[in-house]
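Please open the structure in your viewer and keep the selection panel at hand.

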Amino acid sequence: MKNPKLTVIIPTFNEEAYIEDALFSVAFADEIIVIDSFSTDKTPEIAKQYASKFLQRKFDNFSNQKNFALKEATGDWVLFVDADERVTHSLEAEIKETIQNPKHGGYKINFPHFYMNRFLYHHSDDVLRLVKREGAAFSGSVHEKLQCEGSIGKLKNKMLHFTYKDFGSYISKKEAYAWFQAKQQFDKGKKTTWLHLIFKPTYRFFRSFVLKGGFRDGVPGMTV
C-alpha cells in the first residue's frame, strides 16, 4: 500500500510579511501550491523559492480562486492554509498519522486567533481544512465553504492564526468582509430590517463573549 501524498494550497495577495513562515511550517508536504492574486509586493519572489507550483489568477472570489488551485493538486489529500496561519509540529504529526489511517473524508481544525499579543482560545473557529482531494470543492463567495465526500472528523491539535496585525488591520479586514457579504446579500435580493440590526449584533456579542467564554480572553476578547 502506497503512502498517501499531501498537497498544501496557500492563497496569497501581498503577504510578504507572512508567507515565508507559512511555507516553512508546511515544508513536510509532498506538494505546495501557492495561488496568488497578482501581488504587488515580494510575495511572488518569496513563494517561488519554496512552492512546488506558483500560480497566478485574477481574483474574483475566494471559492473560484481555491478551486482553480485544487484542479492543479496531485496529492491524495489537500490541506488549505492561509499565509497568516502556521502548522505546529504537533499538528504536522497528527496530519501525517491521520491521512495514513483516515476514518473520515475530511477534518476540521481549530483556529485560535492571535490578537493583542495573545491567542484567543475562546474566540476560535473549527474549520474544515484537510480533505481527500477527490470530490472536494469550494462554494460561496465570501465565507467560502469547503465540501468533501464522506464524513467529517476533527483534529485535536490547533492551527495558529496570526490574523490581525493591530486594531486598524482588524477593523479593515472586518469592513472588507462586510462589503463582500453585503454585495452577496444584495445579489440574492435579500434586505436587512431594523430587527436584524438590533437583534443580530446583540446576540452575536452574547454568544461570543458569554456562551463561548470570550470573557476568559480578557481585554482582547472584549475588544473582539
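The stops below go from the whole chain to some aromatic rings and then to a pocket.

Begin with everything shown as a cartoon, and keep in mind that this is a predicted model. The protein has seven helices and 11 strands. Its radius of gyration is 18 Å, close to the 17 Å that the globule rule gives for 224 residues, so the protein is as compact as a globular protein of that length. If you turn the view along the principal axes, the C-alpha trace spans about 55 × 35 × 35 Å. Of the 224 residues, 40% count as buried, and among the contacts with a separation of 6 or more, 68% are accounted for by residues 24 or more positions apart.

Next, show the side chains of the aromatic residues, for a search of the whole structure finds nine aromatic pairs. One of them is formed by F199 and Y203, which are stacked, with 6.0 Å from centre to centre and 10° between the planes. Select helix 6 (residues 194–211) to see where this pair sits: both residues lie in this helix, four residues apart, which is about one turn of the helix. Is F199 buried or exposed? With a relative accessibility of 51%, F199 counts as exposed, because the limit for that class is over 50%. Y203, by comparison, has a relative accessible area of 39% and is partly exposed.

Now select F209 and F215, an aromatic pair that is edge-to-face, with 6.4 Å from centre to centre and 75° between the planes. F209 has a relative accessible area of 18%, and because buried means under 20%, F209 is buried. F215, at 46% relative accessibility, counts as partly exposed.

For the last stop, turn to the second largest pocket, which has a volume of about 160 Å³. To bring up its lining, select E94, E97, T98, N101, K103, Y107, K154, L155 and K156. Which helix gives the largest share of this lining? That share, three residues, comes from helix 4 (residues 89–100). Colouring the lining of the second largest pocket by residue type shows five charged residues, together with two polar and two nonpolar ones.

Methods
Residues numbered from 1 in each chain as written. Predicted model: local features only at pLDDT ≥ 70, side-chain atom pairs only at ≥ 80, totals over all residues. Heavy atoms only, no water. Phe/Tyr/Trp six-rings, centres within 6.5 Å; stacked < 30°, edge-to-face > 60°. Helix = DSSP H or I, 4+ residues; strand = E, 2+ residues; numbered from the N terminus. Buried < 20%, exposed > 50% of the residue type's maximum accessible area, 1.4 Å probe, protein only. 1 Å grid on protein atoms, 1.4 Å probe; cavity = no way out; pocket = protein on both sides within 12 Å on 5 of 7 lines; lining within 4 Å. Points joined across faces, edges and corners; volume = space filled by probe spheres on them. Nonpolar A, V, L, I, M, F, W, Y, C, P; charged D, E, K, R; others polar. Rg over C-alpha atoms; globule rule 2.2 N^0.38 Å. Contact = heavy atoms within 4.5 Å.
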